[in-house]
Amino acid sequence: MKNLSIEQTKYTPQIDLDASKGEMNFFGKSYPENTFEFYEPVLSWIDKYFRKHAKEETIISLEIIYFNSSSSKLFFDFFDLLEENNDEHKITINWIYDEENESALEAGEDFQDDFENLTFNLKEK
Amino acid sequence: MDKEERRKEEERRREEERREKGERRKKGDKRDKEQRRKESQRRTKISRRNKEKNTEKNSLINEIEILKRNFEDTTKKLIKDIVRQDKIMLRSDQRQRKDYDELQLKLEEIKLLSKEIEDTQVEVIFTMGAIGESRSKETGFHVKRVAEYSKLFALYYGLPLKEAEMLKQASPMHDIGKVAIPDMILNKPGRFTDEERVIMDTHAQIGYDMLRHSNRILLKTASTVAYEHHEKYNGKGYPQGLKGEEIHIYGRITALADVFDALGSDRVYKKAWEDERIFKLFREERGEHFDPKLIDIFFENLDEFLTIRSTFKDMLD
């Protein structure tokens, strides 16, 4: 399965999806002009990955400094997708935040509460 | 015989009746059977129909049950989505409020800092100017007056208020190069020798060299003022011997402001001049030492210049 890499821009995060390593990395800010359009290929890559190419363990790192509400919706969809695959696959999520970025920590805590079935770690940078 | 015959006849009749009866019974049986069969068939039909009806009823229930399940699933999903949407909105609003508050706070801080930087710059420049002046035993009021005159000239000359304000802040630095001039020359009562004059005149170049490396617009302005405030309109000034409007307007303004104030003040080597004597010199030097436009501005607005002079009068006077 081909890896998916999206370069960081002012409004969108750096995204590296690596099927061979079973790693998914998100870094940066997320307030795209069209959030659903931007994340559509990402979500469909992940869906395909879990259907056919998933590694024994998948590690997802998210360091999102800032995100808008439609990105928040997308993250919910993303975590839903992970939760659906959580029984059959070992999935670990690391939510990385900067000590000074209180909003990022709170957002991570909220997601952690919402997705109790997922292994959701909060990690200070 | 008759009796016998009648008895036989009677028996035959009975026999016949019996047979007929039997046949009738047989026939009746047949009919009954037929009827029963038909009845049973009818019943079977009804029961089949009923069964069919039952199965029909069941499949409808099934369908409804599927619909019900679908509806429940969809409703659940909808409710989940709505709850989630509400959560997102709520969080987003909270975050937005917090971020906006923080942003405003930071903006306030930046404004204060920016003001602090500006104030510091002005103060440093003013202090540096005052150092230059104090070394030559002039008072800080000279610096202040030159600053005010410069702003007034700039405004009447047509420079924007912001630029005039900047010139006011930068002009106190015009003599900063004097920090490098030895005291014995700087404070010498009486005329300079040619050698001393050469050394004294280097203060313009020195001031410029001190300030020109800065990228700050205020210090750049100050460097221009320091460099060009001894240039003369007729090209006979120093250090570059620039002529007319080759001399930056900041230089032309500060030259006039500085001389006006210097002539009107006591110095170690001279007493203050009378106003009439100053005005006479200005008229003579119009287009020579000084920019004619600035001389005109001076006379046209003389009251305002004299008000500044009296407002920032030397305490020693």
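**Figure 1. Order of secondary structure along chain B.** In this predicted model, chain B reads α-α-α-α-α-α-α-α-α-α along its sequence. The chain has 10 helices and 0 strands. Its length is 317 residues, and 25% of them count as buried. Among the contacts in chain B with a separation of 6 or more, 67% are between residues 24 or more positions apart.

**Figure 2. Helices α5 and α6 of chain B in contact.** Helix α5(B) covers residues 194–211 and helix α6(B) residues 217–228; their axes come within 7 Å and cross at roughly 165 degrees. This crossing angle makes α5(B) roughly antiparallel to α6(B), because angles over 145 degrees are assigned to that class. The passage of α5(B) over α6(B) is a left-handed crossing. On the α5(B) side, the contact is made by Ala204(B), Gly207(B), Tyr208(B) and Leu211(B). Helix α6(B) contributes Leu219(B), Ala222(B), Ser223(B), Ala226(B) and Tyr227(B). Sorted by class, this contact has 7 nonpolar residues, 2 polar residues and no charged residues.

**Figure 3. Where chain B meets chain A.** The two chains touch through 8 residues of chain B and 6 residues of chain A. On the chain B side, 5 of the residues are charged, 2 are nonpolar and 1 is polar.

**Figure 4. The sheet of chain A.** An open sheet in chain A is formed by 6 strands in the order β1-β2-β3-β4-β5-β6, with mixed pairing. Its edges are β1 (4–6) and β6 (119–124), each of which pairs on one side only. Averaged over the sheet, neighbouring strands are turned by 15 degrees against each other, with direction ignored.

**Figure 5. Strands β5 and β6 of chain A, with helix α3.** Strand β5(A), residues 90–97, runs parallel to β6(A), and 6 bridges join the two. Within this pair, Ile93(A) stands opposite Phe120(A), a residue of β6(A). Helix α3(A), residues 102–114, lies across β4 (57–67), β5 and β6 of chain A. The angle between α3(A) and β6(A) is about 165 degrees.

**Figure 6. Helices α1 and α2 of chain A in contact.** The axes of α1(A), residues 35–53, and α2(A), residues 69–84, come within 11 Å and cross at roughly 10 degrees. With this angle α1(A) is roughly parallel to α2(A), because angles under 35 degrees are assigned to that class. From α1(A), the contact involves Thr35(A), Tyr39(A), Leu43(A), Ile46(A) and Asp47(A). From α2(A), it involves Ser70(A), Ser71(A), Leu74(A), Asp77(A), Phe78(A) and Leu81(A). The class count for this contact is 6 nonpolar, 3 polar and 2 charged residues.

Figure 7. The C-alpha atom of Glu88(A) is separated by 9.8 Å from that of Ala54(A), a residue 34 positions away along the chain.

Terms used. Residues numbered from 1 in each chain as written. Chains lettered and ligands numbered in written order. Predicted model: local features only at pLDDT ≥ 70, side-chain atom pairs only at ≥ 80, totals over all residues. Contact = placed C-beta atoms within 7 Å. Nonpolar A, V, L, I, M, F, W, Y, C, P; charged D, E, K, R; others polar. Pairing = 2+ DSSP bridges. Helix = DSSP H or I, 4+ residues; strand = E, 2+ residues; numbered from the N terminus. Axes fitted to C-alpha atoms, helices over the stretch in contact; angles between N-to-C directions. Buried ≥ 20, exposed ≤ 12 C-beta atoms within 10 Å, placed from the backbone. Parallel < 35°, antiparallel > 145°, perpendicular 65-115°, else oblique. Left-handed = near helix turned anticlockwise from the far one by under 90°.
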